[in-house]
Amino acid sequence: LWSVAAHGRAEEQRNGKEMLQQLCAGCHAIGRTGASPNKLAPPFRSFSETKLYDDDFLQRLQRGYSSIHRFMPTFRFNREDAEEVLNYMKSIQEPSRPK
């Protein structure tokens, strides 16, 4: 049985994935598998935990996230959308490799 909380998380992740599909999939791989269409754009599943769990990342998504890459547009999310995107990205991360 699905709990209400689990259902809510699944819906959040689905919404986050849909936003990334529309905004980012032209360059980045946004799923658990597959190569990025742009070889210079890292797959979202390979983002470091440090980046995703940094308290500032959520705020940067809301203020306007951009990259030093000159072709990457700046994206700005409201708080709810930023949380959904971040929760989806956390859900697809590859396991950490031992150092």
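Is Asn78 buried, partly exposed or exposed, and what is its relative accessibility? Asn78 counts as partly exposed because its relative accessibility is 45%, where buried means under 20% relative accessible area, exposed means over 50% and partly exposed lies in between (1.4 Å probe, protein chains only). Welcome to this predicted model, in which local features need pLDDT of at least 70, side-chain atom pairs count only at pLDDT 80 or more, and totals for chains, interfaces and linings use all residues. Residues are numbered from 1 along each chain as its sequence is written, and side-chain values use heavy atoms, with hydrogens and water left out.

**The chain as a whole**

- The chain has four helices and zero strands; helices (H or I, at least four residues) and strands (E, at least two) are DSSP runs, numbered from the N terminus.
- The chain has 99 residues, and 30% of them count as buried.
- Take the contacts between residues at least 6 apart in sequence: 45% of these join residues at least 24 apart, with contact meaning heavy atoms within 4.5 Å.

**Where α3 meets α4**

- Helix α3 covers residues 55-63 and helix α4 covers residues 79-91; they pack at an angle of about 130°, and their axes are 9 Å apart.
- Here, axes are lines fitted to C-alpha atoms, for helices over the stretch in contact, and angles run from 0 to 180 degrees between N-to-C directions.
- The two helices α3 and α4 are therefore oblique to each other; angles under 35 degrees count as roughly parallel, over 145 as roughly antiparallel, 65 to 115 as roughly perpendicular and the rest as oblique.
- On the α3 side, Phe57, Leu58, Leu61 and Gln62 take part, and they meet Arg79, Ala82, Glu83, Val85 and Leu86 of α4.
- Sorted by class, this contact of α3 with α4 has six nonpolar, one polar and two charged residues.
- For these classes, Ala, Val, Leu, Ile, Met, Phe, Trp, Tyr, Cys and Pro count as nonpolar, Asp, Glu, Lys and Arg as charged, and the others, Gly among them, as polar.

**Aromatic pairs**

- Rings of Phe, Tyr and Trp (its six-membered ring) pair if their centres lie within 6.5 Å; planes under 30 degrees apart count as stacked, over 60 as edge-to-face and the rest as tilted.
- By this rule there are two aromatic pairs.
- One of them joins Phe44 and Phe47 edge-to-face, at 5.2 Å centre to centre with 85° between the planes.
- Phe44 counts as buried because its relative accessibility is 6%, and Phe47 counts as buried at 13%.
- Phe57 and Tyr65 also form an edge-to-face pair, at 5.5 Å centre to centre with 70° between the planes.
- Phe57 is buried, with a relative accessible area of 2%, and Tyr65 is buried at 16%.

**Residues to look up in the model**

- Asn78 sits in the loop between α3 and α4; its C-alpha atom is 5.6 Å from that of Gln62, 16 residues apart along the chain.
- Lys90 belongs to helix α4 and counts as partly exposed, at 26% relative accessibility.
- Leaving aside neighbours within four places in sequence, Lys90 is in contact with Leu52 and Tyr53.
- Lys90 and Tyr53 are 37 residues apart along the chain, and 8.4 Å separates their C-alpha atoms.
- Glu18 lies in helix α1 (residues 4-23) and is partly exposed, with a relative accessible area of 43%.
- Between the C-alpha atoms of Glu18 and Ile30, 12 residues apart along the chain, the separation is 9.7 Å.
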